[in-house]
Amino acid sequence: MSEQQARPSRPGRAAPAQEERRPPAARLELGQLLRQQTRFIEAQHHFEEARQLSRGFDTGRWEAVAEGRLATLHSDLGNHQQAIDCGTRSEALRHQLGDTDGEACALAAIAVGWQGIGDHDTAIVDCRRAIALGRASLGSHEGTLARPLTVLATSLHALGRVNEAIDCWQEAASIYADRGLDADAATLHHRIQAADQRPALPPARRSTGP
């Protein structure tokens with residue numbers, strides 16, 4: 001037996017093939033940390049690596065997470081169509097998995113993309129779909145219900161539907177307060193106060209053609 005054959009393998013060191021099969025959680029976690037530090041380009045690199053690693057890894061859950069993180073990041077960067085595309089892929093994967101909480105979050109991310117290109121009507125449709133899923137959820141509601149309510153309020157306010165927007169912000173703020181997320185609740189209360197004091201601009205007139 002050769003020396004190489006006799007040498008025991010080192011503990012804790014996976015073979016290259018095993019390393020490739022590990023879930024991309026570390027990449028996603030690092031990317032999220034970088035995004036929180038507004039280091040968006042570095043975050044994008046890690047999210048894209050995570051997406052590549054996740055393809056074919058398991059049931060599609062990790063790929064759905066990576067696409068969702070990329071959707072949010074592209075909205076940060078102003079890449080609104082890319083946000084819609086990534087969010088749509090995430091939503092489709094979540095739907096296939098029966099992950100309604102994840103589907104609600106993905107729909108909210110898609111809606112933010114539609115807002116970015118000025119299509120508030122489509123954003124409202126996606127938000128209402130997300131809210132319906134969130135209301136049926138037995139889990140935590142800050143992501144599955146409060147978030148889409150907040151996104152919905154933004155589009156409603158942009159279209160001049162101030163009272164409806166305030167109702168959404170109030171419900172979302174109540175959810176955040178119940179979960180101890182006081183900073184998020186305070187942010188929404190500031191928006192409510194601003195909306196109460198300042199009349200919303202009239203909605204943009206839609207073109208009817210020449």
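## Basis of the model

Contact here means heavy atoms within 4.5 Å, and by that rule L149 touches I131, R135, C168, E171, A172 and I175, not counting residues up to four places away in sequence. The model is a predicted one, in which local features need pLDDT of at least 70 and side-chain atom pairs count only at pLDDT 80 or more, while totals for chains, interfaces and linings use all residues. Residues are numbered from 1 along each chain as its sequence is written, and side-chain values use heavy atoms, with hydrogens and water left out.

## Nonpolar cores

A nonpolar core is a set of buried Ala, Val, Leu, Ile, Met, Phe, Trp, Tyr and Cys residues joined through side-chain atoms within 4.5 Å, where buried means under 20% relative accessible area, exposed means over 50% and partly exposed lies in between (1.4 Å probe, protein chains only). The largest such core has 26 residues, and those that touch the most other members are L149, L152, L156, I166, C168, W169 and L188. Two or more residues of this core come from each of α7, α8, α9, α10 (162–178) and α11, with α10 giving the largest share, 9 residues. These helices (H or I, at least four residues) are DSSP runs numbered from the N terminus, as are strands (E, at least two).

The C-alpha atom of L70 is separated by 7.5 Å from that of E48, 22 residues apart along the chain. E48 has its place in helix α4 (residues 40–54), and it counts as partly exposed at 32% relative accessibility.

## Salt bridges

A salt bridge is a side-chain nitrogen of Lys or Arg within 4 Å of a carboxyl oxygen of Asp or Glu, and by this rule the count comes to 12. One of them joins the side chains of R35 and D76 (2.5 Å, N to O); because R35 lies in helix α3 and D76 in helix α5, the pair ties together parts that are 41 residues apart in sequence. R35 is partly exposed at 22% relative accessibility, and D76 is partly exposed with a relative accessible area of 34%.

The side chains of R89 and E67 also meet in a salt bridge (2.9 Å, N to O), which links R89 in helix α6 with E67 in helix α5, 22 residues apart. R89 is partly exposed, with a relative accessible area of 37%, whereas E67 counts as buried at 0% relative accessibility. Both residues belong to a network of salt bridges that links R51, R55, E63, E67 and R89.

## The largest pocket

A pocket is an open set of points on a 1 Å grid over the protein atoms alone, where a 1.4 Å probe fits, with protein on both sides within 12 Å along at least five of seven lines, and its lining residues have an atom within 4 Å of a point. About 820 Å³ of space lies in the largest pocket, and of the 31 residues that line this pocket, the closest to its centre are R35, T72, C105, G143 and R147.

At least two residues of the lining come from each of α3 (25–36), α5 (61–77), α6 (80–97), α7 (100–116), α9 (141–158) and α11 (182–197), and α5 gives the most, with 8 residues.

Terms used: Grid points are joined across faces, edges and corners, and a volume is the space filled by probe spheres set on the points.
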